[in-house]
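The exercises below are meant to be worked with the sequence and the model side by side. Try each task before reading the solution under it.

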Amino acid sequence: MLNRRSFLAGSSTFLATHALASESQKSPLAPSIPMGKVDHCIYIWLGGGMGQTDTLDPKRLGDPKKKVAGSYYKGIPTAVRGVQVCEHFPKVADQLDRMTILRTVNHDVIDEHAAAVNRMHTGRTVSGTVVYPSLGSVVAHQKGAVQDIAPAYVLIGYPNVTRGPGFLGSKYNYLYLTDTASGPAGLSRPEMITDSRQNRRESLLAELRKVRSVASKDAKLADYESALEQSLRLSGPGFSSVFQLDQEPASLREEYGGEFGQRCLLARRLLERGVRFIEVSHNLNFVNGTGWDVHNQGILNQHILIRDLDMAIAALVNDLEKKKMLDRTLIVVSTEFGRPPEFDGGGGRGHQSTAFSVLLAGGGLKHCGAYGETDELAKKVVSNPVSVPDLFATIHASMGIDPSKNLYDNDRPVPITDLGVPVKKLFS
Amino acid sequence: MRFFLPLLIINLLLVSFTFAAEQVAFWHFGTEETSKLKAVGGVNRDQKGPRPPVYPDFDANNTAVRMDGGGARFVLEDTGANSKFDFTLGDSITLEAWVQVTELRSDENVYIIGKGRTYQKGFSKENQNWALRLRESDGNAKVSFLFFSKGEKDKPGNWHRWTSKEGFPVRSGWHHVAVSYTFGNSESVAGWLDGKKIAGVWDMGGATNRAPVVDDDSIWIGSSMGGSSSNSFRGYLDEIGVHRGILSDDVLKSRFRRVGQDPLANKPDALIPVAGIPKSGFKVDLHEGWSLVDGWPASNEELKSPLISYEVPYPLFHRIPVRYDAWGIRDSWQGTVVLRAAGEITLPMGEHMFLVRSKGASRIWLDGKLVAKTPPHARETGGHEQVQPVPASPAPGQRPTGYGDHETKFTVQSMGKPIQLVFESLVGGKKWRHEPGECCIAIKLQGENEFKVLPGKKGETPPALNDYEWEKAVEYLESKMLALDDQIRKKASQSQDAYWAMRKNASLDWAKNHTAPKVPQTGNWPVQNEVDQFLGARLDVLTQTAKGGQADEEFHGQVLPLLREQCFRCHAEKTRGGYRLNTREELLKAGDSGKAGVVPGDIAKSHLLDRIRPDASERMPPNGKGLDAKQVALLERWIKAGAKWPAEPVDVSQLKMAPTIDDMTFLRRAYLDTIGVPPTAQEIRIFVADLDPSKRARVIDKLLADPRYADHWISYWQDILAENPNILKPTLNNSGPFRFFLHEALKDDRPLDRMVTELIMMRGAMYQGGSAGFALAADNDVPMAAKAHIVGTAFLGLEMQCARCHDAPFHSISQKDLFQLSAMLDRKALVLPKSSTVPAGFFENKERESLIKASLKPNEKIEPMWPFKEIFSGDVPEAWLLQKDDNREKLAAMITSPENKRFARVMANRYWKKLMGAGLVEPAFDWENKNASHPELLEWLSHQLIASGFQPKQLIRIIMNSNAYQREALGSNLAAAPEKRYFLAPERRRMSAEQVVDTLFSASGRKIRVEEITFDADGRQSASVMLNLGVPRRAWEFTSLSNERDRPSLALPRNQAVIDVLEAFGWRGARQNPATDREESAHLLQPAILANGTLSTWIGRLTPQDGLTRLAIEAENPTQIADELYLQFLGRLPTEVERENVRKLLEPGFSARVNRQVAEPEIPETLPRLPRISWTNHLVEEATQVKLEMEKRAKTGDAPTRRLDANWRERMEDVVWAVFNLPEFVWVP
């Protein structure tokens, strides 16, 4: 059975336009939209396309040499009866009662990464007339930072347009950092600038600013001045200590694992400081050559990536639970598409978007281990499809954002999601 | 056509054999031939075939066909079951052809002719009935026969391939090949080459006596497998025959007769002489259209005459000139370009070592003798190549070979006599961008220990092969190359000058025949030119009416704004439901319902009130939450009180012009608005000292003539035209890089009508900067609809955003209008795809009628037609159209015609807005139902534009010379309603992102130094997959780094540092949609990135040879430094307090700051070279490590100068930092 709104799939600009009418008609769904109260979201991004049969939706074993379709690894039981994950997720398996694997996420882009990345960040297709905001930007726009001192949206990964604010404007853009060794571009003082130099700079700047102090009635100038004040505050020692991971106990740092785990640890520290939305990229493509984009030989070391992810997610869930933050933090493990059960010429895998898995953890949701069912090789959805708009609606709803609400591109109404409906089972 | 006479005689003699073989098909590929063959792809007829005297059996004008490969083929449909082309068990077949092979790569199997295996729908992929192919092995083309056997019980079908043992070399002229076979008898196979029977083996699948697969799949000549490139024949074909039966040995023997050697046969390298070798310097000839990347043209005919010839001072070829089309629009070079450079050199006596570097294959000849070659350009790979260590330097400290380039060394014994040198290099190819790499010839003279580029022209000093001198030389040669490009382009564009002179005359005639609005006179306001007269006259009127008018706080403060905001969209210019609510008179009229909108004093009878209550059945306004109780009460109160509509109150005391700005402020503003960078300290001083009262007008003229004008104004065009190139595979509505077309159009001062026409015609190269790049809209279901949307907003003030999928709710534009326009751009009818429509289900179960309408249905066909008769109802003269039926051309002419007044007005308003910060019409991209604040001024400006022959600089000149422009930036026009937009002052504008970046670089006296903008540094991918946008010199040249794959190994860290600043200040690297207005609101990241970003580390660092270091060394005292920094960065002198603050910090140690030990010019320190990372090797682990190191280096910035005491230098750096972090810095004064 297809999604009941699948007639809208592929409609590029339609849904933006739709808002006009949907506002004036009573949505049959409106009264029943469940709402959560989560403060934070950590969006873990597996760029390249994580193959569901090799990770969160294991099926019968395949054989890459004989080109027999199927999983690359064995499945193992989990804390949720009847739900299996691949053998390289032992820790996630133990914690699966605090998580739900959405196994029936689907869309229609496979041939080009950028377009699929765009779909899984904006929930929409490209129109050329409207530039849609990313999930992080929408959340930043709707909820702001949890605490004033913090930025609302931080990206640990490379800047790109699909992660941007679209028509919402650069105020809702991310601050980004590419690794845990450095703070975000713009907010971390260059390494060679010592405290004493920084003091000298700032006091000179303060003196010089006095000379031509702004006419306060010019709002534009006053706004810029106050942005400057804010930036000086945020790049000062108060906030920037958040990036000093060595303040954490060594045992905890070890529990989180390598660079990716450290990013997750940093994400936890950021949300403690009041950041609302953090995207953490697991983009360590050099581990196996191709990252999650396991064509050909790229698949040979895929298990290292999975184990890395297993360790980091488990540590993050544990850590948040201990700090009593798990219910207030939704963790999403997302990717641009899945991979087919068949093998390519080199024993790796191509792209598949008809069905793939996204993992939700924490967030005060009513978890069930796995939601939605795929066929015997995870090629097609059998029951409970989750469209991309539904996924986005679920995330928004868990954060208390009405997914049918309108945003405005100038005076053009654009609903937050493409008529997505939250997965009710997770809320009831 | 071949002479068949000799054959006929043989046939008569050998009756029994010839009757055994029946001709099924024979193609001579003659000029007159008409056959059922359907050509697909690069199939070129009427090519030279085998001809006498070498092939005496052929006609003197015999023609053949050339196949370009890449799937190029002839297709012949099978006639069905049991067709004459079907061969099965027991059938005999003979296949023959004349072939001349241009390219055949290692292990390739290319098809001459075959039946089946086309990969067409409905057929198995394993259905080869028969095929004649050539197979490469051991460097030769071998004759090969192939079929697939039919499956039997327990025995699946299999491939069977017979390949001859003997073959012939590629590019050795014409050959005759043939095979014959009787299905069912594996022994029966025989092969023929040039009339000689040759032995062979069944080498794949083995021999079989089984039947072949037979079905109704087509016969293809020249390709197979859906057009697979590596199975497509590249070369010439003639005389292809298919026979049923076995042609006799004698017949096949007689098929080939050659007298002497084929003239095309491979010969040892031979030099095609170069005409006119100069005595001094090097002459370069560029020949395009060569088909190989690993072989050389053998004759003048193959080489073709050079398309461009030019001179270089010495043999360093960092790039080749841009190729332009007949209109002077960027095009791409065809095929492989053969670069041939020749010169005469005289070397001192002795034994010298030469070094040749080239990306493509190269050869060097001295006195006509071949002395060295380099191998061909390396082919594309998937990204997993090993990271190579940095190549060894040719001498200590010298620059190693460029990435992807090859080099060779050889020694030459010189007797001190002149030597004629010819150098040839193959640049790019059909699949590659035309980049020569770091191509050069260098020499190490006997007794010396470093290589220098070979000397050429007298008086020119070639660089030594070290980074410092190389980069300087490339910069110098680039300036010459740009001048050459300009010259070539201007010459080409002259072909259109006559046409545009005619168009200009038409514009001037129009201006003569249509009088401009009379310039009013005003005595009460400061006036510098006509602009001020118009603005003043409007104020005069306002002051007069204000005297009689009576203010009504509630009406103008609350009631009218409410009506305007909630109702006017549909009930002002438009008359939805028969109601208009924008004047009192209209308000009292009855609409479609028959009820009066408002009955003064009577709430019950006023239909307006029926409709706005929250519980109303078709509640108005239809979107949003509707009016709240307070708002309803307000309107009730107002109607009850008589619905009075008093005149607009004007507070005369507020009507004051802002004061005129001083010289320094004016100069900075004028520079930023024309060339995008502020004046230097020196320019400021000269201007201030100038006592000529006309100096402002003079400097405006000077700036408008400055070539940097293009570097500033291009950004605006990139924005409004959604120029959106991607350096990796086009996706997300990407266009091509038509920035280069725009920049050159601006640089050449092409008038607006010409530039817009050339854009709309979408000419030249899509990926190399032609206006054709505008045609691309990747991932878009109707690219031309995206373009029509852009054309509408940019040139006509028509916002058709909504019409992309449905009729616009608040505009009169229907989806059909947009698609008619799109069809004109597309030159054909368009079919509306389902994905651009509103599904029918959407309109079901609505409680009220939807505001949006879908008058077009999916799959409806929309014919090209001009939809906007109310904007322009005329036609364009036939003489204006080069192709009368070309709708695209017609559209361009309709838009740019002076009769279409909308175009000139929209353009005039755009220039006004850019310079004044607010438009006469707002928003500038959406004019529907909008009033101009000064309609006569707008009319007058657009008349001026037309009267100048659409020269935008004329508009800019007029506006900048007005007092209105030269007043303090205290304006609040942008937010004001048109009737309150007085332009008492221009708007305060923040510097654009590009201005911020360009100012940082220019004020600190340094150049932008970042990586080349490409992921394909070694030039191994095609331009359609990966662009190379070059090394930027100005901020507009950056682009989105498109790292959607999130791979650290694709990072370009120095680019990213600049882009971080650009993006914080509202620049969009990816311009998915057109935008007229940039975002200007302040946010945290703007000051933050200036304070802490990597770019500010660079700017605030005193490094060797940059401008601030020079200032620090040359200054006589700290005060002078303060003055210069303020002038350079802020365009004004510091106050005493500011000076004192700077002095306090720089005074200590000032006199001892310079370290005289360090030699001048100070050569920057360099870090160890890093291995080169490109797409080729970005997927191996080391690539990421290298990129992380590059990132670290970028963040650290360049090493500081050693000429200054470190402690003092750091204090000066802190001063620089503080100055550019002053909020004042980011504002246009």
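**Exercise 1. The interface**

How many residue pairs are in polar contact between chain B and chain A?

*Solution.* Begin with the conventions: this is a predicted model, in which local features need pLDDT of at least 70 and side-chain atom pairs count only at pLDDT 80 or more, while totals for chains, interfaces and linings use all residues. Residues are numbered from 1 along each chain as its sequence is written, chains are lettered from A and ligands numbered from 1 in the order in which they are written, and side-chain values use heavy atoms, with hydrogens and water left out.

A polar contact is a pair of N or O atoms within 3.5 Å, where within protein one must be able to donate a hydrogen and the other to accept it, and residues adjacent in sequence count only if both atoms are side-chain atoms. By this rule, 22 residue pairs are in polar contact between chain B and chain A, both residues being at pLDDT 80 or more. On the side of chain B that touches chain A, the elements that give two or more residues are α26 (1053-1064), α27 (1085-1092), α31 (1136-1146), α32 (1181-1196) and α33 (1206-1220) of chain B; helices (H or I, at least four residues) and strands (E, at least two) are DSSP runs, numbered from the N terminus. The residues of that side divide into 34 nonpolar, 29 polar and 28 charged, where Ala, Val, Leu, Ile, Met, Phe, Trp, Tyr, Cys and Pro count as nonpolar, Asp, Glu, Lys and Arg as charged, and the others, Gly among them, as polar.

**Exercise 2. Area and salt bridges between the chains**

Find how much area chain B and chain A bury between them, and how many salt bridges cross their interface.

*Solution.* Take contact first, which means heavy atoms within 4.5 Å: 91 residues of chain B are in contact with 84 residues of chain A. Buried area is the accessible area (1.4 Å probe) that two parts lose on being put together, summed over both, and for chain B and chain A this comes to about 7900 Å², 59% of it on carbon and sulfur atoms. B:Asp1046, B:Leu1084 and B:Asn1092 supply 9% of the area that chain B buries against chain A, more than any other three residues.

For the second part, a salt bridge is a side-chain nitrogen of Lys or Arg within 4 Å of a carboxyl oxygen of Asp or Glu, and the rule finds ten of them across the interface. In one such pair, the side chains of B:Glu1210 and A:Arg197 meet at 3.9 Å, N to O.

**Exercise 3. A serine and its neighbours**

Is A:Ser231 buried or exposed, and which residues does A:Ser231 touch?

*Solution.* First locate A:Ser231, which is in helix α6 (residues 219-235) of chain A. Its relative accessible area is 1%, so A:Ser231 is buried, given that buried means under 20%, exposed over 50%, and partly exposed in between (1.4 Å probe, protein chains only). Not counting residues up to four places away in sequence, A:Ser231 touches A:Leu187, B:Leu1084, B:Pro1087 and B:Ala1088.

**Exercise 4. Salt bridges within a chain**

Which parts of chain B does the pair of B:Arg1020 and B:Glu385 tie together?

*Solution.* The closest N and O atoms of this salt bridge are 2.5 Å apart. B:Arg1020 lies in the loop between α25 (993-1003) and α26 of chain B, and B:Glu385 in the loop between β25 (369-374) and β26 (406-414), so the pair ties together parts that are 635 residues apart in sequence. B:Arg1020 is buried, at 9% relative accessible area, whereas B:Glu385 is partly exposed, at 28%.

In chain A, A:Glu321 and A:Arg98 form a salt bridge with closest N and O atoms 2.4 Å apart, and this pair links helix α10 (residues 302-322) to the loop between α2 (90-95) and β4 (99-106), 223 residues apart. Over all chains, the structure holds 120 salt bridges.

**Exercise 5. Confidence**

Where in chain B does pLDDT stay under 50?

*Solution.* The score pLDDT is the predictor's confidence in each residue, from 0 to 100. Chain B has a mean pLDDT of 91, and 96% of its residues reach 70 or more, but pLDDT stays under 50 over residues 3-19 of chain B. Where pLDDT is low, the predicted coordinates should not be read in detail. For the complex, the predictor gives an ipTM of 0.86 and a pTM of 0.86.
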